[in-house]
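Please read them alongside the coordinates.

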Amino acid sequence: MALPSKTNLFFFNFSVINMAFNGTEGNPIDHSIASEWTKNYREASPGKLIAHFFGRDVLLNILAQENCQGIRFYYGLDGEVQQILAVGADNEENDQLDGNSIVADESTDSPPRSGQDNILNS
């Protein structure tokens, strides 16, 4: 079998992507953008939950886990009820799911507990 000529060979230069969390991921966004996005969701999903609230204690407990760089949130369904789960993620982008880690649920749903009307919830 003859080898292909150099004109038929393709060479690709791939960059190595840094695949590690360092705790600086995410940025604040303008309130007007947040308002637009939440309005878009509410209009596309009438009658559905619009938010979940986790208290500081469970979030701080997740963040205090060894090697935790932040929190990943998962969407889920419990029958027909929309849920959100929170789990720590380490610097290698892995969910922290060993026997001693925390996966948080039982957040407070909004509605009904949405607080005062504001640009994000009404």
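1. The largest pocket of this predicted model has a volume of about 630 Å³, where a pocket is an open set of points on a 1 Å grid over the protein atoms alone, reached by a 1.4 Å probe and with protein on both sides within 12 Å along at least five of seven lines. The volume is the space filled by probe spheres set on the points, which are joined across faces, edges and corners.

2. Sixteen residues line the largest pocket, and Thr38, Ile50, Ala51, His52 and Tyr75 are the closest to its centre; a lining residue has an atom within 4 Å of a point. Two or more lining residues come from each of helix H1 (31-44) and strands E1 (51-53), E2 (68-78) and E3 (81-90), and H1 gives the most, with five. Helices (H or I, at least four residues) and strands (E, at least two) are DSSP runs numbered from the N terminus.

3. Phe54, Ile62, Cys68, Ile84, Ala86 and Ala104 form the largest nonpolar core, that is, a set of buried Ala, Val, Leu, Ile, Met, Phe, Trp, Tyr and Cys residues joined through side-chain atoms within 4.5 Å. Beyond four places in sequence, Ala104 is in contact (heavy atoms within 4.5 Å) with Phe54, Val58, Ile62, Ile84, Leu85 and Ala86.

4. Ser110, in strand E5 (residues 108-110), has a relative accessible area of 6% and is therefore buried, the cut-off being under 20% with a 1.4 Å probe and protein chains only. Leaving out residues up to four places away in sequence, Ser110 touches Leu49, Ile50 and Ala51.

5. On conventions, residues are numbered from 1 along each chain as its sequence is written. Local features need pLDDT of at least 70 and side-chain atom pairs count only at pLDDT 80 or more, while totals for chains, interfaces and linings use all residues, and side-chain values use heavy atoms, without hydrogens or water.

Conventions:
Buried < 20%, exposed > 50% of the residue type's maximum accessible area, 1.4 Å probe, protein only.
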